[in-house]
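Student: I would like to learn how to read the features of a model one at a time. Could we go through one together?

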Amino acid sequence: AALNYVDRYSDLDGRAISAWTTADLQVRYAPDNGPWAGSTIQFGVQNLFDADPPFYDASSGVAFDAANASVLGRFASIAVTRTW
């Protein structure tokens, strides 16, 4: 598990941008014996609670600071790997 935090800061014009916190979670299972030995199953979620990035009144009109935040929202992934 990971907790990601971007502190409150100011843009180049001195306007305040709010702090932003997200949580990520990853679970991995790798059996040692049996037919699945050598395999790994992994499940992960980024931005577990689907936190919106703080508003940023950018001149480009995107309304968020792409250098410090993401508008992707919650993202889940599954990976299965096998070694031999």
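**Salt bridges and the rest of the fold**

Tutor: Start with a charged pair: D57 and R15 meet through their side chains in a salt bridge, at 3.7 Å from N to O. D57 lies in the loop between β5 and β6 and R15 in the loop between β2 (9-10) and β3 (16-17), so this pair ties together parts that are 42 residues apart in sequence. Keep in mind that this is a predicted model.

Student: What is the general idea behind such a pair?

Tutor: Side chains of opposite charge can pair when their charged atoms come close. In this structure the count comes to 3 salt bridges. D11 forms one with R15, with the closest N and O atoms 3.0 Å apart. D13 forms another with R15, and there the closest N and O atoms are 3.2 Å apart.

Student: Which residues are linked in a network of salt bridges?

Tutor: The network links D11, D13, R15 and D57.

Student: Which residues is S39 in contact with, leaving aside its neighbours within four places in sequence?

Tutor: S39 is in contact with Y29, A30, P31, T81 and R82.

Student: Now a loop residue. Where is L48 found, and what does L48 touch?

Tutor: L48 is found in the loop between β5 (39-46) and β6 (75-82). Not counting residues up to four places away in sequence, L48 touches A23 and R74. L48 and A69 are 21 residues apart along the chain, and their C-alpha atoms are separated by 15 Å.

Student: Which residues make the nonpolar surface patch?

Tutor: The patch is made by L25, V27, Y29, I41, F43, I78 and V80, and has an area of about 690 Å². The elements that give two or more residues to the patch are β4 (20-29), β5 and β6. β4 gives the most, with 3 residues. L25 is a patch residue that lies in strand β4. At 37% relative accessibility, L25 counts as partly exposed.

Student: How should I read the secondary structure of the protein as a whole?

Tutor: Count the elements, then read their order. The protein comes to 0 helices and 6 strands. Along the sequence, the pattern is β-β-β-β-β-β.

Student: What does the radius of gyration of the protein say when set beside that of a compact globule?

Tutor: A compact globule of 84 residues would have a radius of gyration near 12 Å, whereas the protein has 19 Å. Taken along the principal axes, the C-alpha atoms fill a box of roughly 60 × 20 × 20 Å.

Student: Which totals describe burial, contacts and surface in the protein?

Tutor: Take burial to begin with: buried residues make up 20% of the 84 residues. For contacts, look at those between residues at least 6 apart in sequence: 47% of them join residues at least 24 apart. As for the surface, the protein exposes about 6400 Å², and carbon and sulfur atoms supply 55% of that area.

Notes
Residues numbered from 1 in each chain as written. Predicted model: local features only at pLDDT ≥ 70, side-chain atom pairs only at ≥ 80, totals over all residues. Heavy atoms only, no water. Helix = DSSP H or I, 4+ residues; strand = E, 2+ residues; numbered from the N terminus. Contact = heavy atoms within 4.5 Å. Patch = residues over 30% accessible without salt bridge, like charges linked within 9 Å, V, L, I, M, F, W, Y side chains within 5 Å. Areas by Shrake-Rupley, 256 points an atom, 1.4 Å probe, with all protein chains shown as cover. Salt bridge = Lys/Arg side-chain N within 4 Å of Asp/Glu carboxyl O. Buried < 20%, exposed > 50% of the residue type's maximum accessible area, 1.4 Å probe, protein only. Rg over C-alpha atoms; globule rule 2.2 N^0.38 Å.
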